[in-house]
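Please keep the viewer open as you read.

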Amino acid sequence: MKKLINEVDNIVDEMLDGMVAAYPQYIRRLDGLDVVVRAGGSNGKVALVSGGGSGHEPAHGGYVGKGMLDGAIAGAVFTSPTPDQVYEAIKAADGGKGVLLVIKNYTGDVMNFEMAADMARDEGIEVDQVITADDVAVENSTWTTGRRGIAGTIFVHKIAGACAEAGGSLADVKRVAEKVIANVRSMGMAVDACTVPAAGKPSFDLAEDEIEIGIGIHGEPGVNREKIGTVNEISDKLLDKIFAEGIYNSGDEVAVMVNGMGGTPLMELFVANKHIKEVLDSKGIKVAKTLVGNYMTSLDMEGFSITLLKVDDELKKLLAAPADTPAFVQA
């Protein structure tokens with residue numbers, strides 16, 4: 001295993017210290033905790049808190065800032081954060097108007113965030129939650145009951161965060177978050193697996209000419225393994241499964257995310273996006289916004305995911321609203 005690390009057990013701690021050292025204008029770390037919150041506080045608005053296992057950077061700490069999250073919890077690599085850490089994040093992020101938890105649909109995340117929410121409610125903090133489940137690859141998986149939450153979660157952070165920044169109530173913010181969840185779908189693939197530092201070896205093995213279709217973001221293998229084709233052919237396979245949901249039709253507008261899994265060159269992501277745009281054009285679907293880059297990764301996995309979000313005027317306005325975070329800046 002070749003990794004640019006010091007000690008395996010210190011990776012998350014050192015990463016968070018390094019992140020705060022790079023972005024002190026955005027984030028501060030809670031003493032003794034794997035939690036970052038807005039450096040300037042939540043300023044009397046609804047607060048958004050998210051998080052999960054580390055290894056998905058820039059998610060989730062990279063999205064703490066104006067127009068997105070107010071707090072993020074970093075569990076160990078690919079491991080759900082503990083309830084007490086989530087509880088401390090809720091308390092620190094709370095600006096007096098309530099807290100919305102954005103939880104990806106993994107059994108450990110859901111259980112631990114819900115336990116933390118109950119603890120916070122006992123302290124008199126108003127807490128609500130939404131659960132993202134945008135991955136169309138599988139109905140259930142090793143770590144979930146129901147679909148997994150993957151890169152589409154970033155659209156929830158952005159749109160719900162914009163609603164909160166504009167002064168929306170907790171009910172308003174939850175409503176738009178659920179609207180995004182109802183209209184967002186994703187699917188990913190891998191050319192090569194990731195290597196979890198504590199494991200020291202790839203999470204699955206692929207031959208030189210093989211790819212994995214339908215991978216998860218924790219190194220989970222996908223739904224089928226096949227010979228590698230062109231990026232256009234691979235993109236078509238992912239898009240076909242997304243379109244099979246039946247919610248994207250001619251005349252619709254969508255936001256597109258081409259998300260790198262951590263080890264994929266931007267060159268390749270842009271080539272994929274060219275074809276995705278052509279397919280959407282051919283179907284009479286208008287692209288309202290496109291994001292290409294590493295938004296929710298899986299350590300050093302080589303591959304990408306495609307996310308489509310059907311938007312209306314409300315979602316377009318919130319998606320276009322300003323944001324200022326370490327990993328997402330929009331004037």
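In this predicted model, aspartate 281 forms a salt bridge with lysine 277, and their closest N and O atoms are 2.9 Å apart. Both residues belong to helix α7, where a spacing of 4 residues puts them about one turn of the helix apart. The points below start with this helix and then move on to other charges and to some backbone details.

- Aspartate 281 is partly exposed, because its relative accessible area of 42% falls between the limits of 20% for buried and 50% for exposed.
- Lysine 274 pairs with glutamate 278 in another salt bridge, with 2.6 Å between the closest N and O atoms.
- Lysine 274 and glutamate 278 are about one helical turn from each other because they sit 4 residues apart in helix α7.
- Lysine 274 has a relative accessible area of 51%, so it is exposed.
- Glutamate 278, with a relative accessible area of 37%, is partly exposed.

**Other salt bridges**

- How many salt bridges are there by this rule? The count comes to 26.
- Side chains of opposite charge can pair when their charged atoms come close.
- In helix α2, glutamate 88 and lysine 91 are 3 residues apart, about one turn of the helix.
- Glutamate 88 and lysine 91 form a salt bridge whose closest N and O atoms are 3.6 Å apart, which is inside the 4 Å cut-off.
- Glutamate 88 is partly exposed, with a relative accessible area of 26%, and lysine 91 is partly exposed too, with a value of 34%.
- Salt bridges also link Asp13, Asp17, Arg29 and Asp34 into a network.

**A patch of negative charge**

- Which residues gather in a patch of negative charge on the surface? They are Asp192, Asp205, Glu208, Glu268 and Glu302.
- One of them, glutamate 268, lies in helix α7, which spans residues 266–282.
- Glutamate 268 is partly exposed, with a relative accessible area of 45%; this value passes the requirement of over 30% for patch members.

- Arginine 147 is located in the loop between β6 (127–132) and α4 (153–165).
- Is arginine 147 buried or partly exposed? Its relative accessibility is 17%, so it counts as buried, the limit being under 20%.
- The side chain of arginine 147 makes a polar contact of 2.8 Å with the side chain of glutamate 245.

**Cis peptide bonds**

- Most residues other than glycine have a negative phi, and most peptide bonds are trans. The cases here and under the next heading are therefore worth a look when you check backbone torsions.
- Glutamate 57 and proline 58 are joined by a cis peptide bond with an omega of about 15 degrees.
- Proline 58 is part of the loop between β3 (47–54) and β4 (71–77).
- Another cis peptide bond runs from alanine 59 to histidine 60, with omega near 10 degrees.
- Histidine 60 is likewise in the loop between β3 and β4.

**Positive phi angles**

- Phenylalanine 78 is not a glycine, yet its phi is positive, at about 55 degrees.
- Where is phenylalanine 78 found? This residue is in the loop between β4 and α2 (83–93).
- With 9% relative accessibility, phenylalanine 78 counts as buried.
- Leucine 299, again not a glycine, has a positive phi of about 55 degrees.
- The loop that holds leucine 299 runs between β11 (286–293) and β12 (302–311).
- Leucine 299 counts as partly exposed, because its relative accessibility is 21% and buried means under 20%.

**A separation across the model**

- Lysine 286 has its place in strand β11 and is exposed, with a relative accessible area of 52%.
- The C-alpha atoms of lysine 286 and phenylalanine 204 are separated by 37 Å, and the two residues are 82 residues apart along the chain.

Note on methods: Residues numbered from 1 in each chain as written. Predicted model: local features only at pLDDT ≥ 70, side-chain atom pairs only at ≥ 80, totals over all residues. Heavy atoms only, no water. Patch = residues over 30% accessible without salt bridge, like charges linked within 9 Å, V, L, I, M, F, W, Y side chains within 5 Å. Areas by Shrake-Rupley, 256 points an atom, 1.4 Å probe, with all protein chains shown as cover. Salt bridge = Lys/Arg side-chain N within 4 Å of Asp/Glu carboxyl O. Lys, Arg positive; Asp, Glu negative; His and termini not counted. Charge placed at Lys NZ, Arg CZ, Asp CG, Glu CD. Helix = DSSP H or I, 4+ residues; strand = E, 2+ residues; numbered from the N terminus. Buried < 20%, exposed > 50% of the residue type's maximum accessible area, 1.4 Å probe, protein only. Polar contact = N/O pair within 3.5 Å; in protein donor to acceptor, adjacent residues only side chain to side chain.
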